[in-house]
Amino acid sequence: MNLTRTLATTRRVLQQLSHDKRSVALMILVPSLLLILFKYVYDGNEALFDRIGPQLLGIFPFIIMFLVTSITMVRERTSGTLERLLTTPLLRGELILGYALAFGLAALVQSLVTASVAIGPLGLQVKSVWVIVLFAVLDALLGTALGLLMSAFATTEFQAVQFMPAIVLPQLLLCGLLNDRSQMAEVLRWASNVMPLSYATEAFTAARSQVGFNGTMWRDLAVVVGCLLAAIALASLTLRRRTA
Amino acid sequence: MTGALLRVNIQHMMNIAAIEIAGLVVVRGSTVVIDGLDASVPIGSITGLIGPSGCGKTTLIRAIVGIQILRSGSVSVLGKPAGSASLREHVSYMTQGSSVYPDLTVQQNLRYFADLSGSASSTIDAALDDVALTDKRHDLVGNLSGGQRTRVSLAAALLARPDLFLLDEPTVGLDPVLRRDLWKLFSELAEAGKTLLVTSHVMDEAARCERVLLMREGRLVADETPAGLRERTGKDDLEEAFLTLAERSGSSDRNQSSTERSAS
């Protein structure tokens with residue numbers, strides 16, 4: 001691994017983003033706007049907002065980063081730049097890591113803005129702000145990692161967009177956001193147990209009412225980080241240098 | 001003893017061709033794109049890979065870079081199997097169509113490719129000068145014309161000054177003055193010991209090469225110097241020479257060759 005090439009890739013992706021002001025604005029502001037909308041849809045029902053608000057703080061970055069990453073990667077593939085990159089000394093792991101760092105940084109900014117809006121003006125009640133921000137960034141990184149992985153199976157941008165409902169929505173339905181996981185049918189709970197978003201959501205639920213880190217959160221952290229590392233490793237393996 | 005070993009080594013190096021292709025067959029889907037091709041490209045030369053569009057030029061280049069799945073045969077580059085990791089810093093590949101980032105400036109694009117190949121940032125100035133784009137360095141590539149984008153892509157390939165340049169249609173859509181300047185640059189690179197394989201579907205570019213590989217429907221119909229081509233066919237014009245060779249090789253599929261003739 002060569003840090004220069006990894007960081008050069010990170011800088012290049014961030015430079016690309018910086019030329020696309022509208023995308024940056026959407027990426028940073030949309031989660032906050034959705035939270036505001038959510039708050040006023042359940043106007044007066046503070047308990048509900050306090051229960052679901054923290055979980056949404058993690059889910060918005062997850063969805064947005066999944067979409068942004070998978071489409072960017074498919075674009076790299078269809079434009080011929082990926083083919084060219086793979087003929088340079090750049091290693092596949094360096095490319096994927098460079099991407100993950102760039103989008104991870106974008107995710108950090110997004111999470112900080114969203115969490116500030118939620119906890120400040122919207123008055124979301126949480127005990128451990130930093131745990132919320134940490135898991136929001138991890139969720140965003142998980143979205144990035146899964147997006148990188150899924151982009152290998154999409155040959156067009158159109159297909160990449162379809163992967164969002166296919167990969168993201170089942171996790172959303174089963175992660176414990178809509179219904180407590182312990183109340184789900186056994187089969188659904190098993191499915192929920194193997195989905196990384198369930199663990200992130202569990203951590204958000206805990207961070208709402210507990211101060212600091214506890215045993216479950218460590219497990220949640222380990223599962224989320226493990227899944228995102230596995231997805232990144234798989235993503236670099238699915239990048240084929242030789243194609244038909 | 002070391003002297004003898006060294007001599008053997010040098011002799012071995014001098015015998016190595018830049019590119020050595022033997023019995024290459026490439027199948028994509030159900031089409032045989034390259035059908036048993038043998039060729040050799042010497043070190044320190046400009047070789048033109050010329051042929052009508054769809055004849056397999058890009059596939060052949062991809063096989064030489066080592067990113068094409070082969071059905072059979074072998075391709076070796078600078079004495080190593082094509083696609084070896086150690087070759088990547090010695091080979092520079094310019095894809096057909098500009099494979100640079102439209103949402104970055106010219107400078108940002110070149111900076112990225114310079115960083116990947118470990119080239120100093122001073123090489124960016126030289127490459128921009130080579131392709132006459134110095135005044136556009138802060139423009140977004142997406143706002144440039146097609147020909148200018150091709151030049152950015154070419155500049156990215158020139159940065160590292162590797163041993164072997166594989167340039168897929170580097171001069172397509174460029175004005176005659178710039179084309180002449182680029183071919184002059186290619187000759188200078190070859191004189192400095194670099195090897196260039198340049199594809200084109202324009203026959204007049206063949207005249208600028210030391211050797212010409214004429215390709216047609218996945219096969220080589222000639223591997224000769226431009227002078228040799230003229231002599232063999234008795235035609236002064238290389239375009240005519242190509243047509244003659246194409247007719248000789250393709251007497252079995254006359255209909256197809258007549259449509260290709262009108263296309264080229």
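Residues are numbered from 1 along each chain as its sequence is written, chains are lettered from A and ligands numbered from 1 in the order in which they are written. In this predicted model, local features need pLDDT of at least 70 and side-chain atom pairs count only at pLDDT 80 or more, while totals for chains, interfaces and linings use all residues.

**View 1. Chain A, overall fold.**
Chain A has 10 helices and 0 strands. Helices (H or I, at least four residues) and strands (E, at least two) are DSSP runs, numbered from the N terminus. The pattern along the sequence is α-α-α-α-α-α-α-α-α-α. The radius of gyration of chain A is 18 Å, close to the 18 Å that the globule rule gives for 244 residues, so chain A is as compact as a globular protein of that length. That radius is taken over C-alpha atoms, and the rule is 2.2 Å times the number of residues to the power 0.38. The C-alpha trace of chain A spans about 55 × 40 × 35 Å along its principal axes. Of the 244 residues, 46% count as buried. A residue is buried if 20 or more other C-beta atoms, placed from the backbone, lie within 10 Å of its own; it is exposed if 12 or fewer do, and partly exposed in between. Among contacts in chain A between residues at least 6 apart in sequence, 81% join residues at least 24 apart. Contact requires C-beta atoms, placed from the backbone, within 7 Å.

**View 2. Helices 9 and 10 of chain A.**
Helix 9 (residues 196-209) and helix 10 (residues 215-238) of chain A pack at about 145°, with axes 9 Å apart. Axes are lines fitted to C-alpha atoms, for helices over the stretch in contact; angles run from 0 to 180 degrees between N-to-C directions. Helix 9 of chain A gives P196(A), Y199(A), A200(A), E202(A), A203(A) and A206(A) to the contact. Helix 10 of chain A gives T216(A), M217(A), D220(A), V223(A), V224(A) and C227(A). By class, the contact has 9 nonpolar, 1 polar and 2 charged residues. Ala, Val, Leu, Ile, Met, Phe, Trp, Tyr, Cys and Pro count as nonpolar, Asp, Glu, Lys and Arg as charged, and the others, Gly among them, as polar.

**View 3. Where chain A touches chain B.**
Here 22 residues of chain A are in contact with 22 residues of chain B. On the chain A side, helix 1 (3-18) and helix 4 (81-85) are the elements that give two or more residues. Helix 1 of chain A makes the largest share, 6 residues. The chain A side divides into 5 nonpolar, 10 polar and 7 charged residues.

**View 4. Antiparallel sheet of chain B.**
In chain B, 4 strands form an open antiparallel sheet in the order 2-1-4-5. Strands pair if DSSP finds at least two bridges between them. Strand 2 (31-41) and strand 5 (80-81) of chain B are the edges, each pairing on one side only. Helix 2 (residues 57-65) of chain B packs on the sheet, touching strand 1 (19-28), strand 2 and strand 4 of chain B. The direction of helix 2 makes about 120° with that of strand 1 of chain B. Strand 4 (residues 72-77) of chain B is joined to strand 5 of chain B by 2 bridges. K80(B) of strand 5 is the bridge partner of V77(B).

**View 5. Strand 8 of chain B.**
In strand 8 (residues 195-200) of chain B, 6 of the 6 residues are buried, so the strand is largely enclosed by the rest of the structure. T195(B), L197(B) and T199(B) point one way; L196(B), V198(B) and S200(B) point the other. Strand 3 (residues 46-50) of chain B pairs with strand 8 of chain B in the parallel sense over 5 bridges. I46(B) has L196(B) as bridge partner. Strand 7 (residues 164-168) of chain B also pairs with strand 8 of chain B in the parallel sense, over 5 bridges. L167(B) has V198(B) as bridge partner.

Methods:
Two residues are in contact if their C-beta atoms, placed from the backbone, lie within 7 Å.
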